[in-house]
Amino acid sequence: MEVLNTIAALKSLLGPIKLAKQKIALVPTMGALHKGHVSLIKMAQQQADIVVCSIFVNPTQFTDPKDLEKYPRPLEHDMAMLKDAGCDVVFMPSVKEMYPAEEKWHIDLGPAEFLLEGEFRKGHYQGVTQIVKKLFDAISPDVAFFGQKDYQQVLMIQNMVAYFNLPVQIISCPIIREDDGLAMSSRNIHLDATDRKNALVLSRALTYVSENFKNKSIPELLEKAKQLIEETPGVELDYFTIADGQTLLPETDKNDQNIIALVAAKVGQTRLIDNMILS
Ligand SMILES: Nc1ncnc2c1ncn2[C@@H]1O[C@H](COP(=O)(O)OP(=O)(O)OP(=O)(O)O)[C@@H](O)[C@H]1O
Ligand SMILES: CC(C)(CO)[C@@H](O)C(=O)[O-]
Ligand code: BAL
């Protein structure tokens, strides 16, 4: 496994691979790796010759400085996970490498940018698309893998790719969960035993909606899901929505295709998100 810190080193390693017409996959991460990340790497290995995993805690996508400061960075653990997963190349640049100068970035990501996560983390998707574009420029992957856990992020990245007309295929991978249903997330590390128990209400509320989607109305489903979450101590709901999977606007017609339930809540001091596809 090659571990590289500069774009120059990356380009000289990947240049001959490209010339040989081998397929390159990118799995972008912020580190603190778990089985969700490993599943992305495994999917990438099935579809490409070389898998590059990036680890970069991107400052421009954090809207809360405390969230950035306490973001976990367990380097040795991450290297062991990546080696074990059979990752070919790890790209771990410094902030200076990715942002050598002050830089303005603003692109049109469409109206869904400002909904849900975009409403609670203003400017978040500008920062996400800025760094993903930089990673795409550095690596020129044929295909890039992202988790459905960050559903809105996948939509925004697809919009960024369309905006620049980039020749990169974007693949969304299923959410990997703990045995009890909690979606795996690097931020779960911040949950104490009580938070960890309370956090289960998010996947439970989504499961309730998914299991009752056929026989209950959307208002009934929303009322019950929100009630489950709001009556859980230590959990503060940001949103629970049943939305159109493309526009992310509230869904009113259960007969439509591509409907998704999405939730975000603060559990103790930790903000978590999750979702389930309903149709
Ligand atoms: N449980 C999961 N299942 C599948 N993919 C996941 C899961 N968790 C994260 N990913 C994906 O891994 C990639 C890197 O995510 P990231 O490093 O931010 O980890 P994370 O667990 O989402 O952390 P965070 O706590 O920041 O949300 C993203 O594409 C993300 O959607
Ligand atoms: C895609 C990403 C690596 C960009 O920093 C990040 O938003 C994440 O880990 O989901
Ligand atoms: N996994 C999404 C990245 C973030 O929360 O900033």
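**Entry 1: domains**

I looked up the domain centres first: taken over C-alpha atoms, those of domain 1 and domain 2 lie 26 Å apart. The bounds I used are 2-173 for domain 1 and 186-277 for domain 2; they come from an automatic or database domain assignment. I then listed the contact, which takes 12 residues from domain 1 and 13 residues from domain 2, where two residues are in contact if their C-beta atoms, placed from the backbone, lie within 7 Å. On the side of domain 1 that touches domain 2, helix 6 (117-120) and helix 8 (151-164) each supply at least two residues. Helices (H or I, at least four residues) and strands (E, at least two) are DSSP runs, numbered from the N terminus. I sorted that side of domain 1 by class and got eight nonpolar, two polar and two charged residues. Nonpolar covers Ala, Val, Leu, Ile, Met, Phe, Trp, Tyr, Cys and Pro, charged covers Asp, Glu, Lys and Arg, and the others, Gly among them, count as polar.

**Entry 2: model and numbering**

This is a predicted model, in which local features need pLDDT of at least 70 and side-chain atom pairs count only at pLDDT 80 or more, while totals for chains, interfaces and linings use all residues. Residues are numbered from 1 along each chain as its sequence is written, and chains are lettered from A and ligands numbered from 1 in the order in which they are written. I noted an average pLDDT of 98 for the protein, with 100% of the residues scoring at least 70; pLDDT is the predictor's confidence in each residue, from 0 to 100. For the complex, the predictor gives an ipTM of 0.98 and a pTM of 0.98.

**Entry 3: ligand 1**

I counted 18 residues around ligand 1, the closest being Gly36, Gly147, Met184, Ser186 and Arg187. A residue is taken as near if its C-beta atom, placed from the backbone, lies within 6 Å of the molecule. Helix 2 (35-47) and strand 5 (143-147) are the elements that give two or more residues to this shell. Helix 2 has the largest share, four residues. By class, I find eight nonpolar, seven polar and three charged residues around ligand 1.

**Entry 4: ligand 2**

Around ligand 2 I listed Pro28, Thr29, Met30, Asn58, Gln61, Val128, Ile131, Val132, Asp150 and Gln153. Strand 2 (24-29) and helix 7 (124-139) each supply at least two residues of the shell, and helix 7 gives the most, with three. The classes are five nonpolar, four polar and one charged.

**Entry 5: strands**

I checked strand 5 against strand 6 (residues 169-173): they run parallel and are joined by five bridges; strands pair if DSSP finds at least two bridges between them. Glycine 147 stands opposite cysteine 173 in strand 6. Strand 8 (residues 259-267) and strand 9 (residues 270-277) run antiparallel, with eight bridges. Valine 263 has aspartate 274 in strand 9 as its bridge partner. Their hairpin has two residues between the strands, and glycine 268 there takes a positive phi near 60 degrees.
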